[in-house]
Amino acid sequence: MRDAPRVIIGGIQYTPDDPIPSPIIAVSYPTREEALWAARVLLSIQNGRRPFETGPAVYMGDTRVKVRARPATKDVLVEVFAYAEPSHLTASLYAASRVGRDLYGAFRRLVDIHKRYTLTVAEGDRLLMEELDLVKYVIDEKEVGF
């Protein structure tokens, strides 16, 4: 049986001098091939713009790839999903994981500080930001209490 993708949340320091880590969400897959497939799917669905002609392929302003957080018993369910067509009933990509309330609270404080977060894919715990780098601004949160 194939392992389901999982959602990783946290912060990343791009340089050792970063005073405050940048918030990040990654959909993690057990293999590089699966992570690359997911990156291609998300890039084909997202509707953001690449603001820089040169440099890394960073996309900003996407509204199609969604992140949702909902309270669970002792933790928070974090979901990442995207639909190729808004009218479709089945998501082209879906991943969900439960994360501790303390971890989610720390992540949410980083989002409040930076006013954004990065969404990417991962192979296990190895982030593949060179494959997918979406700057996101919205998390659909209802009743989470942060």
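## Basis

The model is predicted, so local features need pLDDT of at least 70 and side-chain atom pairs count only at pLDDT 80 or more, while totals for chains, interfaces and linings use all residues. Residues are numbered from 1 along each chain as its sequence is written, and side-chain values use heavy atoms, with hydrogens and water left out.

## Salt bridges across the chain

The structure holds nine salt bridges. The term covers a side-chain nitrogen of Lys or Arg within 4 Å of a carboxyl oxygen of Asp or Glu. One of the nine joins Asp62 and Lys136. Their N to O distance is 2.7 Å. The partners lie 74 residues apart and link distant parts of the chain. Asp62 sits in the loop between strand S3 (59-60) and strand S4 (65-71). Lys136 belongs to strand S9 (residues 134-136). Helices (H or I, at least four residues) and strands (E, at least two) are DSSP runs, numbered from the N terminus.

Asp62 is buried at 7% relative accessible area, and Lys136 is buried at 4%. Buried means under 20% relative accessible area, exposed over 50%, and partly exposed in between (1.4 Å probe, protein chains only).

Arg68 and Glu79 form another salt bridge, with the closest N and O atoms 2.8 Å apart. Arg68 is in strand S4 and Glu79 in strand S5 (residues 75-82), 11 residues apart. Arg68 is partly exposed, at 24%. Glu79 is buried, at 9%.

Arg108 and Asp112 meet in a salt bridge of 3.0 Å, N to O. Both lie in helix H2 (residues 101-114). They are four residues apart, so about one helical turn separates them. Arg108 is buried at 16%, whereas Asp112 is partly exposed at 43%. Salt bridges also bring in Glu141, forming a network with Arg108 and Asp112.

## Strand S2

How many residues of strand S2 (residues 22-29) are buried? Eight of the eight are, so the strand is largely enclosed by the rest of the structure. In a regular strand the side chains alternate between the two faces of the sheet. In S2, Ser22, Ile24, Ala26 and Ser28 point one way. Pro23, Ile25, Val27 and Tyr29 point the other way.

S2 pairs with two strands, S1 and S7. Pairing requires that DSSP finds at least two bridges between the strands. Strand S1 (residues 6-12) runs antiparallel to S2, joined by seven bridges. Here Ile9 stands opposite Ile25. Strand S7 (residues 117-123) pairs with S2 in the parallel sense over six bridges. Val121 in S7 stands opposite Val27.
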